[in-house]
Amino acid sequence: MTVFSRNGLALLLFFVSSSAMASDQWVQGRVVLHACVYASSYEAELNLAYQNYTLPWGTSVYLIHGWGGLDNFVPFDWDNTQTLAVSASAPYTWSITVRSTISNRTSPKWYEHFDYVWKVVLPNGSTFYEKGNGSTWGYYAANLSDVTQRPCTSDGNFVGPMYPLTVTSVEKW
């Protein structure tokens with residue numbers, strides 16, 4: 001084995017072994033039409049999870065989120081911004097469910113994506129933000145159009161399957 005191929009193999013093994021230590025996340029969602037009448041309000045339910053095997057015990061995770069879409073066909077992002085504490089759901093994993101009305105027949109505004117950042121507070125008090133890129137104001141955006149079925153319900157409950165949502169890392173400087 002040549003020095004070049006040995007170094008290349010070592011580098012490949014480093015990336016493979018490091019990928020198991022990196023953070024991971026997933027978002028699933030569903031949308032329902034309330035009151036099965038023409039153009040009633042749509043409500044979304046999203047399940048988000050953040051996993052990071054490198055974090056020490058005692059770490060706290062928060063979800064900073066808002067909604068993006070169109071208002072009179074003018075795009076916007078980070079509407080209705082909130083910060084929520086996220087509960088640990090398994091070792092090194094935190095999960096949360098978020099619900100919101102995403103369109104209403106009396107409003108020209110509708111949400112098309114869910115904008116968010118994971119705020120991670122370590123036991124020593126230091127904080128970092130997981131946003132998928134190195135830009136100053138970057139964030140993740142989950143695409144609500146991935147929910148292909150939007151059933152109606154009269155009782156206010158969510159029905160239908162959860163769909164995995166496409167998540168994009170948005171760079172903003």
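Trainee: Which ring does the charged end of K109 sit over?
Mentor: The ring of F76, with the charge 5.5 Å from the ring centre. A charge counts as over a ring if NZ of Lys or CZ of Arg is within 6 Å of the ring centre and within 35 degrees of the ring normal. One caution: this is a predicted model, where local features need pLDDT of at least 70, side-chain atom pairs count only at pLDDT 80 or more, and totals for chains, interfaces and linings use all residues. Residues are numbered from 1 along each chain as its sequence is written, and side-chain values use heavy atoms, with hydrogens and water left out.

Trainee: And what lies over the face of Y62?
Mentor: K119 does, at 5.6 Å from the ring centre.

Trainee: On to the core. Which residues touch the most other members of the largest nonpolar core?
Mentor: L48, L63, W67, F114, Y116 and W118, out of 27 residues. Such a core is a set of buried Ala, Val, Leu, Ile, Met, Phe, Trp, Tyr and Cys residues joined through side-chain atoms within 4.5 Å. Buried means under 20% relative accessible area, exposed over 50%, and partly exposed in between (1.4 Å probe, protein chains only).

Trainee: Which strand gives the most to this core?
Mentor: β6, with five residues. Strands here are DSSP runs of E, at least two residues long, and helices are runs of H or I of at least four; both are numbered from the N terminus.

Trainee: How many aromatic pairs does the structure hold?
Mentor: There are 12. Rings of Phe, Tyr and Trp (its six-membered ring) pair if their centres lie within 6.5 Å; planes under 30 degrees apart are stacked, over 60 edge-to-face, and the rest tilted. W67 and F114 make an edge-to-face pair, 4.8 Å centre to centre with 70 degrees between the planes.

Trainee: What does that pair tie together?
Mentor: W67 lies in β3 and F114 in β6, so the pair links parts that are 47 residues apart in sequence.

Trainee: Is W67 buried or exposed?
Mentor: W67 is buried, at 1% relative accessibility. F114 is buried too, at 0%.

Trainee: Why is the pair of F114 and Y116 tilted?
Mentor: Because their planes are at 35 degrees, with the ring centres 5.7 Å apart. Y116 is buried as well, with a relative accessible area of 0%. Both rings belong to one aromatic cluster, which also includes Y50, W94 and W118.

Trainee: What is W118 in contact with?
Mentor: Leaving aside neighbours within four places in sequence, its contacts include L48, L63, V86, F128 and Y140. Contact means heavy atoms within 4.5 Å.

Trainee: New topic. In what sense do β3 and β4 pair?
Mentor: Antiparallel, over nine bridges. Two strands pair if DSSP finds at least two bridges between them. L70 stands opposite P75 in β4. The two strands form a hairpin with two residues between them, and N72 in the turn has a positive phi of about 55 degrees.

Trainee: How many bridges join β4 and β5?
Mentor: Three, again antiparallel. S87 stands opposite S95 in β5. This hairpin has two residues between its strands, and Y92 in the turn has a positive phi of about 65 degrees.

Trainee: Last one. Where is T168?
Mentor: In strand β11, residues 167–170. T168 is partly exposed, with a relative accessible area of 43%. Not counting residues up to four places away in sequence, T168 touches Y139, Y140 and A141. The C-alpha atoms of T168 and Y139 are separated by 8.4 Å, with the two residues 29 apart along the chain.
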